[in-house]
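Please open the structure in a viewer that can select residues by number. The tour moves from stop to stop and says what to select at each.

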Amino acid sequence: VVQLGMPSRSVITTCAYCGVGCSFKAELRGDELVRMVPYKDGGANEGHSCVKGRFAFGYATHPDRQLSPMVRDKITDEWQKVDWDTAINYVATRMLDIQTRHGVGAIGGITSSRTTNEEVYVVQKMIRAAFGNNNVDTCARVCHSPTGYGLKQTFGTSAGTQDFRSVAQADVILVIGANPTDGHPVFASRMKRRLREGAKLVVIDPRRIDLVRSPHIEATHHLQLAPGTNVAVVNALAHVVLTEGLYDRAFVDERCEDFDGWAEFISRPENSPEAVEEITGVPAEELRAAARLYATGGNAAIYYGLGVTEHSQGSTMVMGMANLAMVTGNIGREGVGVNPLRGQNNVQGSCDMGSFPHELPGYRHVSDDAVRTVFENMWGRPLLSEPGLRIPNMFDAAVEGTFRAIFVQGEDIAQSDPNTKHVFAALGAMELVVVQDLFLNETAKFAHVFLPGTSFLEKDGTFTNAERRINRVRPVMAPKTGKHEWQIVCEIAEAMGYPMSYQHPREIMDEIAALTPTFSGVSFEKLDKLGSVQWPCNEAAPEGTPTMHVDGFVRGKGRFVQTPFVPTRERSTRKYPLILTTGRILSQYNVGAQTRRTANVAWHSEDVLEVHPHDAEVRGISDGDEVTLASRVGATSLRAVLSDRMPVGVVYTTFHHPVTGANVVTTENSDWATNCPEYKVTAVQVGLKHPK
Ligand code: SF4
């Protein structure tokens with residue numbers, strides 16, 4: 001509850017919600033947090049904020065917070081509160097026992113994108129050095145792993161190319177599969193400012209998002225494509241650029257490679273606007289006009305979200321956008337680039353910190369002997385050169401009986417991952433599920449040990465936002481649980497026979513900097529002095545790098561990759577004639593663990609299903625009716641809201657509430673390169689729950 005009154009002190013810290021990474025002054029009266037004031041010198045927000053950062057912090061003191069470690073009683077199945085030593089020794093003993101009986105690879109863990117870089121780093125270090133395997137993954141698996149893959153293949157590094165300020169120099173803005181107004185509100189305000197100044201807007205999205213038509217803003221083109229056909233559209237845009245001679249020959253010649261093969265591929269008739277109109281439903285003339293605008297309208301910048309990545313061709317689409325930027329020379333200066341709008345506050349950081357089963361911190365492959373040697377020398381343990389299990393592989397192996405224990409840090413996989421039935425089966429099959437979280441979430445229903453975590457108000461460390469900006473997170477209050485999360489992880493590792501001792505998170509960052517060339521110039525001292533820095537921050541760029549790939553790409557030359565369109569397996573059928581796609585709303589956040597425990601819950605207390613009036617009429621559905629939503633893997637029910645934002649044949653919902661559970665119906669389909677789930681395309685049927 002926020003009480004009015006004059007604060008007596010303040011602490012500058014970083015929002016714990018989205019990847020914009022706004023800075024705030026947390027104002028306190030005594031030990032009580034009175035209000036969050038957007039910080040005028042915040043590099044990402046410059047004094048702005050949205051409702052979540054400003055008002056939705058009450059979850060940190062919500063009565064649902066669990067403050068004591070707990071172990072589930074084997075006989076009664078009830079939680080028993082225990083002290084920290086008991087909980088930590090129990091986890092370590094059970095992990096070692098399971099390894100003895102099932103092999104070193106039978107255990108693993110998932111890092112959180114809600115925790116600090118330092119907390120993520122120690123979890124992946126515990127898994128690699130104490131567990132002795134590479135079975136570590138992160139929630140980016142289910143959101144932006146295709147960004148990591150696609151941008152690394154084409155540009156050489158797994159991150160967005162610009163800083164947010166750069167949008168002020170853009171003349172043409174492509175928003176693809178993103179809804180910044182709801183998902184990244186403070187960045188959306190920057191973008192809208194530029195659009196009101198006259199920049200042109202192209203939206204590529206099956207849904208008519210607010211940006212398409214909002215006060216003083218009208219998209220020049222809204223390419224309202226059929227869900228699952230992004231790659232066909234981006235190929236058509238590149239086809240027009242190439243065949244009409246609108247490309248930047250000098251940039252391509254000097255800065256890129258593999259152009260000729262790609263040019264032959266992209267000019268094929270199947271990539272022509274006329275052919276792509278058949279696939280996507282977007283008129284060929286609209287495709288041509290949008291391509292001409294992007295190629296000739298001045299600085300052109302791409303901003304994209306999960307509507308790009310959460311597809312069976314998510315990685316292909318990321319590479320398709322990179323091709324488009326390279327062929328038009330829209331990379332390496334302000335106002336251009338390929339920019340993922342990353343979801344969680346520290347999803348960029350969790351990836352940077354080596355949370356992938358194939359990559360050590362700094363995106364270096366585990367099979368690279370020289371890199372591994374550096375880590376082995378610092379960590380004092382031999383490391384495996386084979387990649388470990390991704391999250392979906394862990395689930396499959398658990399069902400098969402070969403993966404027996406998991407450490408889950410701040411991630412509600414039972415609610416957030418697709419094909420709920422399969423996830424439940426996997427969690428139910430494991431011998432040991434350890435959950436480190438603020439709340440007894442859906443995953444904790446399957447847990448054997450619960451380790452209470454800390455909110456962002458109790459943390460000391462760093463978050464990295466979508467523009468690679470490393471922000472300080474400073475403690476506003478002492479940990480309510482009596483221990484920091486990094487301390488808990490270090491103590492588990494130590495109890496397993498691998499000491500990890502740090503006195504303060506700054507020492508963890510020093511170790512990260514010593515091991516990771518892109519972070520070698522980062523320290524708490526520098527962050528406190530400069531406010532924030534964008535990586536790479538090293539000898540070559542001691543104050544960080546706002547714009548990447550300026551003189552050359554990180555991989556040397558930018559690489560054109562051929563991106564053939566392959567239709568998703570998920571098609572509408574007679575039984576499941578509609579396509580479901582998903583998104584978020586401004587006042588809630590992801591699975592809602594935080595926002596559902598704040599005043600925001602009163603604003604949007606349920607997930608609803610948007611149904612086109614035509615689809616509703618043929619099913620006898622009226623606005624507000626309760627409907628069933630079913631796919632081939634599961635069924636749920638929720639309230640229908642009639643809306644023509646979606647085209648006929650497409651329905652839309654959010655996934656903020658466990659009761660309605662959109663992921664009950666999403667399937668096992670996933671991106672070919674990264675296994676990122678295809679949340680955005682599910683064939684469904686919709687009908688009245690109580691026929692009239
Ligand atoms: Fe927090 Fe994102 Fe809102 Fe900024 S835009 S206040 S980071 S939720």
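The model is predicted: local features need pLDDT of at least 70, side-chain atom pairs count only at pLDDT 80 or more, and totals for chains, interfaces and linings use all residues. Residues are numbered from 1 along each chain as its sequence is written, and side-chain values use heavy atoms, with hydrogens and water left out.

Helices here are DSSP runs of H or I with at least four residues, strands are runs of E with at least two, and both are numbered from the N terminus.

Next select β2 (residues 23-29). Five of its seven residues are buried, so β2 is largely enclosed by the rest of the structure. Buried means under 20% relative accessible area, exposed over 50% and partly exposed in between, with a 1.4 Å probe and protein chains only.

Two strands pair if DSSP finds at least two bridges between them. Ile12 is opposite Lys25 in β2.

**The seven-stranded sheet**

Now show the open sheet with the order β5-β4-β20-β19-β18-β6-β7, whose pairing is mixed. β5 (79-81) and β7 (136-138) are at the edges with a single partner strand each, so one side of each has no neighbour in the sheet. Within the sheet, β19 (residues 432-437) and β20 (residues 449-452) run parallel, joined by four bridges. Gln436 has Leu451 in β20 as its bridge partner.

**The loop at Gly521**

Finally, select Gly521, in the loop between α20 (505-515) and α21 (524-530). Is Gly521 buried or exposed? Gly521 counts as buried, because its relative accessibility is 16%. Leaving aside residues up to four places away in sequence, Gly521 touches Lys526, Cys537 and Asn538, where contact means heavy atoms within 4.5 Å. For a distance across the model, pick Leu427: its C-alpha atom is 41 Å from that of Gly521, and the two residues are 94 apart along the chain.
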